[in-house]
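Please examine the sequence and the three-dimensional structure shown here. The briefing below is arranged by topic.

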Amino acid sequence: MKVPEHVAIIMDGNGRWAERRGHPRFYGHVRGTKQVRKVVRTADRLGVKALTLYAFSTENWNRPAHELNVLWKLLKKFIRSELEVMNKQNVRFRVFGQIDRLDPELQTVINEAVDKLAHNTGLQLNFAISYGARSEIIQAIKRFGADCLSGKESFESLDESKLNQYLWTAPLEGLSDVDFVIRTSGEMRVSNFLLWQSAYAEYYFTETCWPDFGEKEFVKAIETYGCRNRRYGRTSLDEKIDPPSSIVH
Ligand code: IPE
Ligand code: IPE
Ligand code: MG
């Protein structure tokens, strides 16, 4: 099976999943966290090299405080409880986003986890938290501009690979381009996720809400990727076919 190297998932539909079952929205977030474990394990088993999970967007700051509290508690709990498992799995963990906006205690939990798993060489697991692709690009331009003013860089040197070095995904190096984006819950939009890195990604949308997106669904999505023909602007034909002379002349 052809497996994408970098998979990115917009884990959507927790609230609706819960509401449809007569539960408060937070119930969906709790169930959603369980799916993260399964998907990380499956990605590792399938040979995915990098997995980026959209956990919280810059726009999600506009949600009610009680929902944010639940999300931060669950995130803290997830990192604490999964740390040893991830270490045993040789998982490398990173977080992309405006981390300085998070509660200091949560920042400490994140930083400790990142440090503890820093030596690992297996699956590169990334959480996009307080993440927005536009803010990522803006901070990259600002830092590059500052480096130009200080003489460390020159404006002429700016090209695609240089900008890559200033994005939050820079540590992924050759894996920073996304091959496959999955979005659950039936929404057909990108919601400010990895706009630069997924310029040539394949997209997969499913009606399944995140709390129901388990191993089977994930494998099904990856199999779909295997059938995609990525052309990057080229033709899919290997052999050269001359056009009929009536078109050329
Ligand atoms: C995704 O589920 C989780 C986050 C955005 C944090 P939602 O909370 O967006 O659930 P819906 O889309 O409202 O159902
Ligand atoms: C996108 O989901 C962000 C995450 C999954 C973390 P949203 O539910 O916030 O996106 P919109 O509001 O439907 O675009
Ligand atoms: Mg949503």
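Predicted model: local features only at pLDDT ≥ 70, side-chain atom pairs only at ≥ 80, totals over all residues.

Residues are numbered from 1 along each chain as its sequence is written, chains are lettered from A and ligands numbered from 1 in the order in which they are written, and side-chain values use heavy atoms, with hydrogens and water left out.

**Overall fold**

- The chain contains eight helices and six strands; helices (H or I, at least four residues) and strands (E, at least two) are DSSP runs, numbered from the N terminus.
- Along the sequence, these elements follow the pattern β-α-α-β-α-β-α-β-α-α-β-β-α-α.
- Taken along the principal axes, the C-alpha atoms fill a box of roughly 70 × 50 × 35 Å.

**The site of ligand 1**

- Ligand 1 is surrounded by 13 residues, of which Asp12, Gly15, Arg16, Arg25 and Arg63 are the closest; a residue is near a molecule if one of its heavy atoms lies within 4 Å of it.
- The shell around ligand 1 divides into three nonpolar, five polar and five charged residues. Here Ala, Val, Leu, Ile, Met, Phe, Trp, Tyr, Cys and Pro count as nonpolar, Asp, Glu, Lys and Arg as charged, and the others, Gly among them, as polar.
- Ligand 1 sits in the largest pocket. On a 1 Å grid over the protein atoms alone, a pocket is an open set of points with protein on both sides within 12 Å along at least five of seven lines, and a molecule sits in a pocket if more than half of its atoms lie within 2 Å of its grid points.
- Helix 1 (14-20), helix 2 (25-46) and helix 3 (65-88) are the elements that give two or more residues to the shell around ligand 1. Helix 1 provides the largest share, three residues.
- A polar backbone atom of arginine 16 is 2.7 Å from an oxygen atom of ligand 1, and a polar side-chain atom of arginine 25 lies 2.8 Å from an oxygen atom of ligand 1.
- On its own, ligand 1 has 370 Å² of accessible area, and the protein covers 88% of that area; accessible areas come from the Shrake-Rupley method with a 1.4 Å probe.

**The site of ligand 2**

- The space taken by ligand 2 is the largest pocket.
- Strand 2 (residues 50-57) contributes the largest share of the shell around ligand 2, three residues.
- By class, this shell has five nonpolar, two polar and four charged residues.
- Oxygen atoms of ligand 2 lie 3.2 Å from an N or O atom in the side chain of aspartate 12 and 2.7 Å from an N or O atom in the side chain of serine 191.
- The protein covers 78% of the 390 Å² of accessible area that ligand 2 has on its own.

**Aromatic pairs**

- The whole structure has 18 aromatic pairs; rings of Phe, Tyr and Trp (its six-membered ring) pair if their centres lie within 6.5 Å.
- The rings of phenylalanine 93 and phenylalanine 127 form an edge-to-face pair, because their centres are 5.2 Å apart and their planes are at 80°; planes under 30 degrees apart count as stacked, over 60 as edge-to-face and the rest as tilted.
- This pair links distant parts of the chain, 34 residues apart, with phenylalanine 93 in strand 3 (residues 92-96) and phenylalanine 127 in strand 4 (residues 124-131).

Technical notes: Polar contact = N/O pair within 3.5 Å; in protein donor to acceptor, adjacent residues only side chain to side chain. 1 Å grid on protein atoms, 1.4 Å probe; cavity = no way out; pocket = protein on both sides within 12 Å on 5 of 7 lines; lining within 4 Å.
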